[in-house]
Amino acid sequence: MALFRTIRSQYQRVVGDERSIKAVVRDWGRGHIEIDWSPGYEGLFEWLGNAAGPAVERFVAAIERRDGPEVAQRRFREGPAHALIFPNLFLGETNIAIVQPVSVEECVHWHTPMFWKGVPEWNGRLLRMAEAGMGPASFLMPDDLIVAGRNQLGLRARTSPWLLLGRGLDRETVDGDGRIVSHVTDETTNRGFFHHLRAVMSEV
Amino acid sequence: MVSEADHRAVADFLYREARLADEARYAEWLALWTDDGVYWMPPEPSYTTWDGTPAIFAEDKNLMRVRMGRVLHPDAWSQRPLWGTNHVVSNVIIEKEGPNGDVIARSRFHMMELRRDDVRHFAGSYMHQLKKTAEGYRIKLQRVDMTNAQAAYDYVLQIWV
């Protein structure tokens, strides 16, 4: 979580004592998984770098007209999904990514900023946010890459035949839609993904 | 005709900028920018603007501060040990000098970067739009065209080139 403390972004909201972190993870079933940061958001458009004023004026008016003020306010606060659609489509808030497996231990990660139809005034901001998050000089990728690299090294360890993804097993709940929900730091999403992967990739 | 003194002053400014970066004196380095200054590294030389086009860097002062804060933050463990860099700046030419003393300068650079045991080399050209102020030159725009910008790297860039 070091990255969250070191750049100013919406992720700032999840820094601190674990009990004060409101973000959750959800296992939707069939390998589809989600991180929902929005319970930790305090203001609107935190997912858009706290955009306000003229930058969102036209969008706010159009969505309020279309969806009514109540639904619109929820959309402005929650923002787009942070979710993995099984097996390899990642909706990364304002980015879309595809993971293309190449061989064992090798994949290509394609990504693009998501531009809103009819809101060209956001394009510049979204492009810069995508570069800062995932670009060749980004702030987000360095830590993710190092974590992924260490996980990969850990998988090669021969001291234990077990790979335990047990974090949070004791505190998961099932919501009204049948989704498994837990604290954002729990491995609920890892379990959801790999359970389904095993089911579709094995003959048993 | 550009005077020798102005040429000297611009070259000294570029050397000082490189020195501050190499000594990781990023706050002083950042103070060399005007308030509306932009640091821009296009993907390749044909780009004429960062506005609405992809870039490797396209940072205003605010984003530069964020990058500096992240790199220097004690919890940014992916950034430890801190990057070592060594810039060699050369071939300084003043392309244009306005009546108010503002200049457009071009130069070439070679930067060696050290991260743990890995050394990388980046080289290319700078274009500086410099504003003449009472405190000396300030950078309004620094464009960096990296000759090897399109190469594949194992790790992303974290420090300004």
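This briefing describes how two protein chains meet in a model and then looks at selected residues within them.

The model is predicted, so that local features need pLDDT of at least 70 and side-chain atom pairs count only at pLDDT 80 or more, while totals for chains, interfaces and linings use all residues. Residues are numbered from 1 along each chain as its sequence is written, chains are lettered from A and ligands numbered from 1 in the order in which they are written, and side-chain values use heavy atoms, with hydrogens and water left out.

**The interface between chain B and chain A**

- On the two sides of the interface, 26 residues of chain B are in contact with 19 residues of chain A, where contact means heavy atoms within 4.5 Å.
- The size of an interface is often given as the accessible area lost when the parts come together.
- Between chain B and chain A the buried area is about 2,000 Å², and carbon and sulfur atoms give 61% of this area; buried area is the accessible area (1.4 Å probe) that two parts lose on being put together, summed over both.
- One salt bridge is counted between chain B and chain A, a salt bridge being a side-chain nitrogen of Lys or Arg within 4 Å of a carboxyl oxygen of Asp or Glu.
- That salt bridge links D143(A) to R70(B), whose closest N and O atoms are 3.0 Å apart.
- Nine residue pairs (both at pLDDT 80 or more) are in polar contact across the interface of chain B and chain A; a polar contact is a pair of N or O atoms within 3.5 Å, where within protein one must be able to donate a hydrogen and the other to accept it, and residues adjacent in sequence count only if both atoms are side-chain atoms.
- On the side of chain B that touches chain A, the elements that give two or more residues are β2 (57-59) and α3 (61-72) of chain B, and α3(B) gives the most, with six residues; helices (H or I, at least four residues) and strands (E, at least two) are DSSP runs, numbered from the N terminus.
- By class, this side of chain B has 13 nonpolar, eight polar and five charged residues, with Ala, Val, Leu, Ile, Met, Phe, Trp, Tyr, Cys and Pro counted as nonpolar, Asp, Glu, Lys and Arg as charged, and the others, Gly among them, as polar.

**The fold of chain B**

- Chain B has three helices and six strands, which follow the pattern α-α-β-β-α-β-β-β-β along the sequence.
- Of the 161 residues of chain B, 47% count as buried, where buried means under 20% relative accessible area, exposed over 50%, and partly exposed in between (1.4 Å probe, protein chains only).
- Among contacts in chain B between residues at least 6 apart in sequence, 57% join residues at least 24 apart.

**Salt bridges and a contact within the chains**

- Over all chains, the count comes to 25 salt bridges.
- In chain A, the side chains of D67(A) and R75(A) meet in a salt bridge (2.7 Å, N to O); D67(A) is partly exposed, with a relative accessible area of 22%, and R75(A) is partly exposed at 40%.
- E131(A) forms a salt bridge with R128(A), with the closest N and O atoms 2.8 Å apart, and both E131(A) and R128(A) are buried.
- Because E131(A) and R128(A) are three residues apart in helix α3 (residues 123-134) of chain A, they are separated by about one helical turn.
- In chain B, salt bridges that share partners join R19(B), E23(B), R25(B) and E28(B) into one network.
- R58(A), which lies in helix α2 (residues 54-78) of chain A, is 60 residues from G118(A) in sequence and 9.9 Å from G118(A) in space, C-alpha to C-alpha.

**Backbone features**

- Most residues other than glycine have a negative phi, and most peptide bonds are trans.
- The peptide bond from F86(A) to P87(A) is cis, with omega near 5°, and P87(A) is in the loop between β3 (82-85) and β4 (89-92) of chain A.
- The peptide bond from R80(B) to P81(B) is also cis, with omega near -10°, and P81(B) is in the loop between α3 and β3 (84-97) of chain B.
- E93(A), although not a glycine, has a positive phi of about 55°, and E93(A) counts as buried at 6% relative accessibility.
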